[in-house]
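Hi there,

Here is the structure I promised to pass on to you. Have a look at it first, and then read my notes on its aromatic residues below.

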Amino acid sequence: MKKLLPKTSENPQGFTLVELLVVIAIIAILAVIGTAVFSGLQRNARDASRRSEIQAIANAMEANYNTSTNLYTPAAGSMFASGSIPTGLAGAAPYWDIPSATSNTTGYNICAVLEAGGSYCQKSQQR
């Protein structure tokens, strides 16, 4: 069995320095592209989570609309599977304009800041 030695004039096996540098450069380029794509996907996933939580809050508010008084019952933790009102992702700006748990309201406008830019809001349907 032959031993693998660096490329020399007597032993043509092995890789040259230029070949190794080309391979390392290609791997580095692919890693940078992969990182950029992956971070964009993470941002989009967090924004989708924000949208779905705001939609869940809006659905809970609409389900508790009192047609006789034309008022929305305030959001409460018992309306959600997690046992608490969604407040946003950790380390990010919380949702705003969620009706307080102390009084009924005639409408709502629940919003969140999106990482991709802008904001996402859900307004009351019954007004």
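Predicted model: local features only at pLDDT ≥ 70, side-chain atom pairs only at ≥ 80, totals over all residues.

Tyr72 and Tyr108 are both buried. Tyr72 belongs to strand 2, whereas Tyr108 is in the loop between strand 2 and strand 3 (109–113), so the pair ties together parts that are 36 residues apart in sequence.

Which other ring pairs with Tyr72? Tyr65 does, in a tilted arrangement, with 4.7 Å from centre to centre and 50 degrees between the planes. Tyr65 is buried, as is Tyr72. The count of aromatic pairs comes to 2, and Tyr65, Tyr72 and Tyr108 make up one aromatic cluster.

There is also a charge over a ring for you to look at. The charged end of Arg51 sits over the ring of Tyr120, at 5.7 Å from the ring centre.

The average pLDDT of the protein is 82, and 85% of the residues score at least 70. Among the elements, helix 1 (residues 17–63) has the highest mean pLDDT, at 91. The lowest mean, 84, belongs to strand 2 (residues 71–72), the strand in which Tyr72 lies.

Best wishes

Note on methods: Residues numbered from 1 in each chain as written. Heavy atoms only, no water. pLDDT = per-residue confidence, 0-100. Helix = DSSP H or I, 4+ residues; strand = E, 2+ residues; numbered from the N terminus. Phe/Tyr/Trp six-rings, centres within 6.5 Å; stacked < 30°, edge-to-face > 60°. Buried < 20%, exposed > 50% of the residue type's maximum accessible area, 1.4 Å probe, protein only. Lys NZ or Arg CZ within 6 Å of the ring centre and 35° of its normal.
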